[in-house]
Amino acid sequence: MTAPAPIAPPDPNRLGPVDLVSLGAHGMRTRPMRAMLSALGIAIGVAAMVAVLAIPASADQALQDKLAAMGTNLLRAEAGQTLLGGSAKLPDSAVPMVRRIAPVEGAVEVGKVSAKVYRNDRMDKGDTAGVSVFAARPDLLPVLGGTVRAGTFLTAANQRFPSVVLGSEAASRLGIDHLDPARPPQILIGSSWFSVVGILAPMPLAPEVERSVLIGWDVAKQVFGFDGHPSTVYLRARESQVDAVRSVLAATINPAAPNEVAVDRPSDALAAQQLTKNTYGALFLGLGGVALLVGGVGVANTMVISVLERRREIGLRRALGATRGQIRGQFLAESVLLSGLGGLVGVVIGVGATAGYALSQGWPAVLPPVALAGGVAVSAAVGAIAGAYPAMRAARLPPAQALA
């Protein structure tokens, strides 16, 4: 029988990863309050960065969900300016002409009425709360994709009477938040009283309707001398043909003066608003980076102080045979663990802040994986950079000088 091969003794000059982590954690355990305060700076920076990345992502997802529900195929044509700078008018045949465009699935009009709105007859005549008056058709909501929050919309029956429907913002400005069918609230339009029969839910694609009160087309003519010319035409087109319809819409509505018709796509405006918010998000991301940098400086300061306080420990370990690389690895591991712990806590705080804010806004909470993984990775990298100098300083200490 052959003798078994001798087992090589462990290399006393080598420390495994587990040993390095254990040594690094020992330094944190001996000074828990200092470690916690140092990690707090990193946690604040990482939490800010995670929240700044996740909250805009949640807002984007909410916007996409909202646009998917409301549709991006809505176009709006408004009366623009004449060549002489005056206010143009859309022809009263605008809607019938628009409906002749083959890809158009529905079209409806509203007309601006020259009248002021007051909550009651005791209001100052200059206090109109910024609410406009529009003449509307009963088929407005299906085209806009809107809904009634309370009461009913204009119908073939009540549009001939002094009945009014409030946009969501108009209702808020007038202080009307609910309806009692038995005793509907009254508002004063011009010098005539109107009964509020409905309140609309928010319609982000038609903010001008949100800020207005809607009355019947016939009542607008009878009471306020409305001329019947629409001020805005809304239409829905097949999704694949929206751009084609948009290119011919102005000439179709007003063939004699297409330059007097302004055409836009409301969903583009919402996307532009979100882009603006994301620009501010980049600014706050930079501020989060600054906070992380400050936290890194705090970790470096903590590690320098730790090296100065543990000179005897360093000298004793060197005298017992520890190499410079092992001393350097010990303090570098402590710095990375300290920053990594702060980064992990920061990610948890950032996730909580994002979830809470998204819940308060009614958004889905979206947590980009790059923000979660990147938060811990960046904090560990900051710890490695912050701990590099203190670790090298500790490794350069001669044993005799450290023990003196």
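Is glutamine 186 buried, exposed or partly exposed? With a relative accessible area of 32%, glutamine 186 is partly exposed, where buried stands for under 20% relative accessible area, exposed for over 50%, and partly exposed for what lies in between (1.4 Å probe, protein chains only). The model discussed here is predicted, so local features need pLDDT of at least 70 and side-chain atom pairs count only at pLDDT 80 or more, while totals for chains, interfaces and linings use all residues. Residues are numbered from 1 along each chain as its sequence is written, and side-chain values use heavy atoms, with hydrogens and water left out.

The secondary structure of the protein comes to 13 helices and 11 strands; here helices (H or I, at least four residues) and strands (E, at least two) are DSSP runs, numbered from the N terminus. Of the 404 residues in the protein, 44% are buried. The accessible surface is about 20300 Å², and carbon and sulfur atoms hold 62% of that surface; such areas come from the Shrake-Rupley method with a 1.4 Å probe, and for residues only the protein chains shown count as cover. Among contacts (heavy atoms within 4.5 Å) with a separation of 6 or more, 79% join residues 24 or more positions apart.

The largest nonpolar core has 26 residues, and Val164, Leu166, Ile187, Ile189 and Val213 touch the most other members. A nonpolar core is a set of buried Ala, Val, Leu, Ile, Met, Phe, Trp, Tyr and Cys residues joined through side-chain atoms within 4.5 Å. At least two residues of this core come from each of strand E4 (132–136), strand E6 (163–166), helix H5 (168–174), strand E7 (186–189), strand E8 (192–200), strand E9 (212–216) and helix H7 (217–224). Helix H7 gives the largest share, four residues. Setting aside residues up to four places away in sequence, valine 164 touches Ile187, Ile189, Phe194, Ser195, Val196, Val197, Gly198, Val213, Leu214 and Ile215. A second, separate core of 20 residues has Leu292, Met303, Ala322 and Leu338 among its members.

Beyond residues up to four places away in sequence, glutamine 186 touches Arg119, Trp193, Phe194 and Ser195. Its C-alpha atom is separated by 9.8 Å from that of isoleucine 176, 10 residues apart along the chain. Asparagine 158, in turn, has its place in the loop between strand E5 (148–151) and E6. Asparagine 158 counts as buried because its relative accessibility is 14%. Apart from neighbours within four places in sequence, asparagine 158 is in contact with Thr152, Phe153, Ser163 and Val197.

The largest pocket has a volume of about 350 Å³. On a 1 Å grid over the protein atoms alone, a pocket is an open set of points where a 1.4 Å probe fits, with protein on both sides within 12 Å along at least five of seven lines, and lining residues have an atom within 4 Å of a point. Grid points are joined across faces, edges and corners, and a volume is the space filled by probe spheres set on the points. The lining of the largest pocket has 19 residues, and Ala79, Ala88, Lys112, Pro230 and Ser231 lie nearest the centre. Strand E1 (74–79), strand E2 (104–113) and E4 are the elements that give two or more residues to this lining.

Three helices complete the picture. Aspartate 65 is found in helix H2 (residues 32–70) and counts as partly exposed at 39% relative accessibility. Aspartate 65 and proline 364 are 299 residues apart in sequence, yet 9.3 Å apart in space, C-alpha to C-alpha. Glycine 374 sits in helix H12 (residues 369–395) and is partly exposed, with 23% relative accessibility. Glutamate 309 lies in helix H9 (residues 266–309) and is partly exposed, at a relative accessible area of 43%. Leaving out neighbours within four places in sequence, glutamate 309 is in contact with Arg31 and Arg34.
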